[in-house]
Every structure is written in structure tokens, then in C-alpha cells.
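Notebook, structure look-up. I went through the model element by element and wrote down what I found.

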Amino acid sequence: MKFVSEFRDPQLAANIAANIAHEVQAGRSYHLMEFCGGHTHALSRFGLNDLLPHNIHMIHGPGCPVCVLPVGRVDQAIRLAREHKVILCTYADTMRIPASGKLSLARARAEGADVRMIYSTQDALQIARDHPQREVVFMAIGFETTTPPTAVAVLQAEREGLQNFSLLCYHVLTPAAMHAILAADNTIQLDGFVGPAHVSTVIGSQPYATFSRDHGKPVVIAGFEPLDMLQAILMLVRQVNAGRAEVENEFTRAVTHEGNRKAQQLVQQVFTVRDSFEWRGLGSVPHSALRLRDAYQNFDAELRFKLPYVAVADHKACECAAILRGEKQPQQCKIFGTACTPEHPIGSCMVSSEGACAAHYSYGRAI
Amino acid sequence: MILQSHPLDIAHGRIEMSHGAGGRAMVQLIHQLFAQAFDNPWLAQHSDAAVLPALQERLVLTCDAHVVSPLFFNGGDIGSLAVHGTINDLAMLGARPLYLTASFILEEGLPLRDLKRIADSMAAAARAAGVAVVTGDTKVVEKGKGDGVFISTSGLGSVRAGIDLSASRVQPGDCILLSGSIGEHGIAVLSQREHLDFDTPIASDSAALHALVAAMLDSGARLRVLRDPTRGGLAATLNEIAQQAGVGMMLQEAAIPVQPGVEAACEFLGLDPLNIANEGKLVAICAWEDADQLLQAMREHPLGKHAAIIGKVVEDAHCFVQMTGKLGGRRVIDWLAGEQLPRIC
């Protein structure tokens with residue numbers, strides 16, 4: 001497969017793995033966080049841990065949109081679908097996030113709520129056009145990658161005068177989450193970041209400078225293919241060995257220094273930063289999410305339907321929070337693989353295939 | 001005579017509630033559309049059931065329901081799919097398929113030309129496989145209460161003495177074979193349903209596998225079990241066998257055939273070919289000494305020409321199915337959780 005198989009070449013992978021093994025220093029351990037769920041998934045799917053020396057420890061970061069959405073936000077969406085009888089449109093995995101009262105959007109749908117899974121924001125707009133007598137709400141989740149299409153949808157809805165379309169805007173920001181991890185008062189050893197792939201195509205490599213400059217953490221932006229990951233790990237090992245902390249870009253075929261200006265402009269036009277937003281695992285993080293600008297507040301479903309946000313505590317036994325902060329591995333959670341499985345997720349990390357728990361459960365629990 | 005004086009308007013007509021009401025319209029539909037398509041001596045008995053000749057071998061009976069959307073897809077349609085799916089259920093037990101029954105649940109408003117196309121395709125698939133649709137039923141539901149057509153089938157076959165295929169016979173050391181490339185049916189249907197126009201259209205692999213199975217049985221290889229990896233794909237089928245047999249499996253990713261088009265579509269949609277449905281493939285497990293012999297027999301048949309040995313049965317108290325990837329790393333191949341959904345970002 002052109003443009004994919006080149007990045008999965010077994011011989012090249014073996015060469016990079018050999019270089020990593022050669023360059024790691026015995027007696028030193030390397031704790032590297034892959035921020036993105038896409039990287040977590042790739043590590044598990046391609047069995048990359050088997051190719052890494054034992055003193056490299058990969059820590060799974062919070063870059064999985066489904067995993068970081070707190071219960072209270074899912075409750076809010078369910079309330080909207082059930083009590084206000086709207087057509088609630090959302091992306092795939094969001095359907096299965098466990099909410100209060102043993103509910104999820106999928107279960108709410110089974111009980112009669114009109115919840116629809118869509119592939120793109122354009123589908124949500126089409127549903128709004130097709131049902132002018134119904135309120136259609138798009139539950140917009142995701143990091144910087146999924147934000148520009150939401151901005152485009154809002155601008156389109158405005159242009160067309162679509163009165164029955166609005167957003168639950170739960171878009172979140174990557175650098176704010178990285179700051180929160182570094183600011184957390186914990187004792188985890190963190191020697192560097194494998195930086196986001198798709199997020200960085202939008203925001204560029206620029207925003208990561210603060211992590212190397214102010215926190216002394218090397219960042220290597222990497223694509224989601226196995227060779228990308230291995231190469232990025234090698235680059236991180238070299239930085240750590242040399243005592244350097246720089247932002248390096250392994251994913252040069254897609255990521256530039258300043259990112260996608262056009263996309264940034266669209267986002268800037270439609271959204272502004274929320275003062276604070278609650279994340280699962282990280283708690284309330286200042287300036288970490290987006291809301292619609294005042295000029296577009298007609299499209300804000302939280303305002304339109306007067307939906308207050310009520311925070312809800314996670315399930316007592318669930319360790320998602322510690323896992324999302326990189327403090328625990330999935331297998332260290334008491335309910336991992338027993339009470340909490342992909343069929344019956346208790347925590348959000350077991351829902352998406354990019355979630356650390358789901359990736360460990362589906363691909364790695366025998367090893 | 002009255003029936004012939006009012007021919008169905010197949011080109012423009014649609015299914016109405018009266019086509020299921022037991023009156024003249026229904027009789028007309030059955031005679032002019034179904035009976036003509038399926039034409040055989042048992043249907044010609046004009047009864048609500050068929051009297052079939054006695055058989056000497058053990059009987060194998062199965063039932064199957066078909067609800068595919070869209071009704072017509074690249075490589076087949078709900079009619080041919082219903083025939084192939086039912087025959088394959090019988091074939092996986094080593095049976096020779098003989099007779100089918102078919103119940104149609106039709107949605108009010110369905111164009112008669114679509115129904116005729118489906119019935120004709122079903123009849124052609126049955127004829128090609130040497131089986132007869134010997135009895136059937138028709139019901140009509142109001143518009144909005146169906147999805148065009150649902151077809152429910154039964155299949156009756158017979159199996160020779162000495163053939164006993166069952167997961168319980170699988171043992172550590174056995175070899176796992178696959179009859180060809182995976183994922184085509186699911187991707188063909190999904191891409192058409194979601195209007196994803198790929199430059200290289202992917203066709204469903206829908207096919208009746210009984211002749212391939214007969215060739216495999218004739219090869220003399222000690223076959224333990226056969227399964228067709230339909231919904232849930234190869235991953236679900238292998239996990240099912242592993243659980244039932246109380247064994248583990250170790251696969252080689254590089255040995256599993258996947259067409260480049262399917263691989264690209266899966267990559268694009270964030271899906272795994274191992275979880276995608278097939279309708280014309282089978283998994284065979286046999287004694288390891290006989291694997292080459294079985295592989296050769298499969299490859300000599302047109303439906304098995306890309307057959308491959310994809311792994312081995314191993315001892316494992318957890319009954320895990322694992323795979324060594326192309327890069328050399330190992331991972332678990334799990335059942336699919338929930339529906340197979342595309343990734344978010």
C-alpha cells in the first residue's frame with residue numbers, strides 16, 4: 001500500500017530498533033510519554049514494545065478525546081437528547097462512554113433518545129437541513145485535529161441560516177493538557193514526549209517550545225506509523241543521552257513549524273478559550289478547552305437549552321485518572337480486565353481503541 | 001386465468017400491503033415473481049410445505065437471516081447472499097446442501113423490479129450451487145417498518161458417515177488455514193452504504209463454498225473444524241474456535257492475505273481487516289502433518305487459489321489468539337468490542 005507500507009518496513013524497523021538498543025545506556029532508564037492515543041494504539045497494534053530495550057518505558061498520555069471527557073459532560077449530552085428531544089449527532093466511540101446511572105449515549109438511544117453516529121460534521125449539517133422542524137445538536141469532541149471541521153460547520157450553518165443547528169462544544173487543547181501533566185504534583189519520572197501527529201499538522205511544532213525551554217523536556221513530534229514511532233524514540237534517547245531538551249520534528253512530511261494557518265484562522269474566528277474545563281484525570285485545567293465566540297453563541301447548545309454543567313465523580317474503583325496522568329499502567333487497576341472490559345467499560349480509557357486500557361486489553365494482555 | 005389476465009407491472013409497480021394480505025394480489029406476486037424465478041417440482045406442488053424424498057445420510061439443518069443494506073452491492077445482493085450464507089452454514093459441517101426455504105419480509109413501497117432482481121439473483125445462485133428453493137413465505141410490513149427486504153432462509157443438507165467436524169476436535173499443534181484474502185464483503189457493503197467511492201471498487205467475496213469443502217474432504221487430510229468468518233471477521237471466528245476447543249492460537253500476520261484495496265480502505269477508515277466480514281472464505285484447522293496436502297487441495301479449487309497456512313494451534317489456558325506482526329512484535333487478536341466503529345481522529 002503506497003505511502004503506508006514504506007513506514008512499516010520490517011527491515012528498517014529492525015535497523016532502528018538495533019540503533020535504539022545500541023544507544024541506550026545501561027543503568028539508565030528512559031520514561032517517555034506518548035501523548036496521543038493514536039501512538040498508544042500503534043504501540044500495541046504493531047507490538048512495538050517487543051522491539052524496545054527493557055529500560056525504555058512508554059507512558060501513555062491523555063491524548064484520547066473519548067478518554068478525557070468527564071462523566072458530567074456525557075450526562076449533559078444524554079440529558080439534552082432525552083429531555084429536550086433533540087437529534088444528537090456525535091462521533092463513533094463517544095456513544096459508548098459510561099455515564100451516570102449506568103447510561104451511555106448508546107443505551108440512551110436504545111431507550112428511545114434520537115442519537116446518531118456521524119462520520120463528519122457535514123453529516124450533522126445535512127441532518128439539520130433534512131429535519132428543519134427538529135433541533136439538531138452536534139456533540140463536538142476532540143483535540144485540535146477535529147476542531148477546524150467544526151468551525152467550518154458553524155460558518156456554513158450561519159451562511160445557510162440553519163436555525164435548528166447547534167453545538168455542544170467539548171473541544172480541548174493539547175498544550176494545556178501537557179502543561180497540566182508537568183504541573184501535577186506527582187513523582188513520575190518523565191524524560192520526554194513523543195509529540196502528537198495529527199494535532200501538530202494543525203498547530204505546528206511551535207507550541208511545544210515551552211516544554212523544552214521551560215520544563216527541560218525533549219519533545220519529538222512523530223507520525224502514527226511504526227517507523228515514525230521508533231525513529232522518534234531513537235531521537236528522544238539521543239536527546240536524553242546528550243542532556244539536550246529540544247523540540248524535534250520526525251513527522252516533517254506533514255508537520256511544519258507554524259502548522260496549518262488556514263485551519264488556525266478558522267478556529268480563531270469561531271472559537272475562544274474557556275477559562276477552565278474539567279478533564280477526566282487532570283481535573284479542572286485552566287484555558288484548556290474551547291467555546292463558541294460571543295458572535296456565534298446562537299450555535300451554543302449549552303446556552304440555547306440552558307444546560308448547566310454538573311461535575312460527577314468517577315467510579316470509585318476506576319483508575320482512569322491515574323492512568324491518564326501517566327502515574328499508573330492499565331494492569332495496575334484492580335478492575336482492569338475483570339469488571340472493566342471493552343464490552344462493559346467502567347472507565348473511559350476502556351472505551352476507545354486509542355484508550356490505554358482498551359489497547360492493553362485488546363492487544364497486549366497475554367504478554 | 002384471472003391471474004394471467006392481470007400481469008404484475010414489474011417495471012413500475014411497488015409492493016403494497018395487499019401483496020401480503022392473502023388475497024389475489026398475493027397469489028399473483030407469488031406465481032408471477034417467485035414461482036417463476038425459483039421454478040422446481042417441489043414449488044410446483046403449490047402447497048405451504050414441500051414433501052421431499054427420503055435420505056439415507058445424516059441430515060444437517062440450518063437457518064439464517066439476511067438484513068443487508070444496501071440491498072445491491074458490488075459483487076452481489078441480498079438474494080445471492082442469502083443463498084451463499086445458508087449453503088456455507090451447511091458446508092462448514094461437511095454437508096452437501098440440498099434444499100433451501102426462503103421467507104421474504106417486504107416493506108411497503110419496495111419497487112417490484114428490485115424484488116424481481118433479488119429473486120432472480122437468488123434463483124441463479126441456488127441453481128449454480130445445485131440446490132432448490134422448495135418452499136417459502138411472504139409477508140408485507142408497513143413503510144418504515146422494514147429495510148426494503150429481509151430474507152430468512154433455512155437450509156437442509158446431508159453429511160456422509162465418518163465426517164465429524166467440530167471445534168472440540170482441535171488440538172495444540174494443529175495448523176490453521178485460510179481459503180483466501182479477507183475483508184472484501186464488509187468493505188464492499190460499507191463503502192457503498194456510506195458512499196465512499198474508492199478508485200478501485202472492492203467487490204464482495206460472496207460465494208457458495210460447498211464445492212471447495214468437498215474437495216478438501218476428498219483430499220484425505222484430517223480436518224478438525226471448518227468455519228466461515230462472517231460477522232466479526234477472522235478475529236471472531238478464531239476466538240470462537242479457541243474458546244470452544246480450550247486452546248490458544250499463534251498467527252503470522254505476513255501469511256494472512258489481504259487485498260491492497262481492502263488494506264487501504266481499512267487504513268483510511270481506521271478499521272482492522274481481521275474484524276471485517278467475509279461471505280466467501282473459510283478457516284480450516286487440520287492435523288499439522290496434513291496441512292500441505294490440504295493447502296494443495298484448496299489451491300486447486302478456484303475459491304481457494306489464494307489459500308494459506310496462517311498459524312498454529314498452541315496450548316494456552318487463557319485461550320488467547322495471538323499474532324506475530326510483520327515487524328516481529330506480538331499482540332493479542334481479540335473479539336471485536338461493540339460495533340466496529342471508525343476512529344475519531
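**Entry 1: the cover of α6(A)**

I started with what lies over the buried residues of α6(A): the cover includes β3 (87–91), β4 (115–118), β5 (136–142), α7 and β6 (165–171) of chain A. I call a residue buried if 20 or more other C-beta atoms lie within 10 Å of its own, exposed if 12 or fewer, and partly exposed in between, with C-beta atoms placed from the backbone. Helices (H or I, at least four residues) and strands (E, at least two) are DSSP runs, numbered from the N terminus.

The buried residues in α6(A) are A:T121, A:A124, A:L125 and A:A128. Down the axis of α6(A), these buried residues fall within an arc of 100°, so they line one face of the helix. The arc is that of the directions from the helix axis to the C-beta atoms.

**Entry 2: ground rules**

This is a predicted model, in which local features need pLDDT of at least 70 and side-chain atom pairs count only at pLDDT 80 or more, while totals for chains, interfaces and linings use all residues. Residues are numbered from 1 along each chain as its sequence is written, and chains are lettered from A and ligands numbered from 1 in the order in which they are written.

**Entry 3: α6(A) with α7(A)**

I took the helix pair next. The axes of α6 (residues 121–130) and α7 (residues 147–160) of chain A come within 9 Å and cross at roughly 25°. Axes are lines fitted to C-alpha atoms, for helices over the stretch in contact, and angles run from 0 to 180 degrees between N-to-C directions. That angle makes α6(A) roughly parallel to α7(A). Angles under 35 degrees count as roughly parallel, over 145 as roughly antiparallel, 65 to 115 as roughly perpendicular and the rest as oblique.

The crossing of α6(A) past α7(A) is right-handed. A crossing is left-handed if the near helix is turned anticlockwise from the far one by less than a right angle, and right-handed if clockwise.

From α6(A), A:T121, A:A124 and A:L125 meet A:P149, A:T150, A:V152, A:A153, A:Q156 and A:A157 of α7(A). Contact here means C-beta atoms, placed from the backbone, within 7 Å. I sorted this contact by class and got 6 nonpolar, 3 polar and no charged residues. Ala, Val, Leu, Ile, Met, Phe, Trp, Tyr, Cys and Pro count as nonpolar, Asp, Glu, Lys and Arg as charged, and the others, Gly among them, as polar.

**Entry 4: α1(A) with α11(A)**

I found α1(A) and α11 (residues 226–242) of chain A packed at an angle of about 15°, with their axes 10 Å apart. The two helices are therefore roughly parallel to each other. Their crossing is left-handed. Residues of α1(A) in the contact include A:L12, A:I16 and A:I20, and those of α11(A) include A:L227, A:L230 and A:L234. By class, the contact holds 11 nonpolar, 3 polar and 2 charged residues.

The axes of α2(A) and α15(A) come within 9 Å and cross at roughly 15°. That makes this pair roughly parallel. α2(A) passes α15(A) in a right-handed crossing. A:T40, A:H41, A:S44 and A:R45 of α2(A) meet A:A356, A:A359, A:H360, A:Y363 and A:G364 of α15(A). The classes are 3 nonpolar, 5 polar and 1 charged.

How many residues does each chain put into the contact of A and B? Chain A gives 36 and chain B gives 24. On the chain A side, α1, α2 (37–45), α3 (65–68) and α15 (356–364) give two or more residues. α15(A) gives the most, with 3 residues. That side divides into 18 nonpolar, 10 polar and 8 charged residues.

Most residues other than glycine have a negative phi, and most peptide bonds are trans. I noted these departures.

- A:K85 has phi near 55°, and lies in the loop between α4 (71–83) and β3 of chain A. A:K85 is partly exposed, with 13 C-beta neighbours inside 10 Å.
- A:K306 has phi near 45°, and lies in the loop between α13 (301–304) and α14 (320–324) of chain A. A:K306 is exposed, with 8 C-beta neighbours inside 10 Å.
- The peptide bond from B:S69 to B:P70 is cis, with omega near 5°. B:P70 sits in the loop between β1 (58–66) and β2 (72–73) of chain B.

Note on methods:
Two residues are in contact if their C-beta atoms, placed from the backbone, lie within 7 Å.
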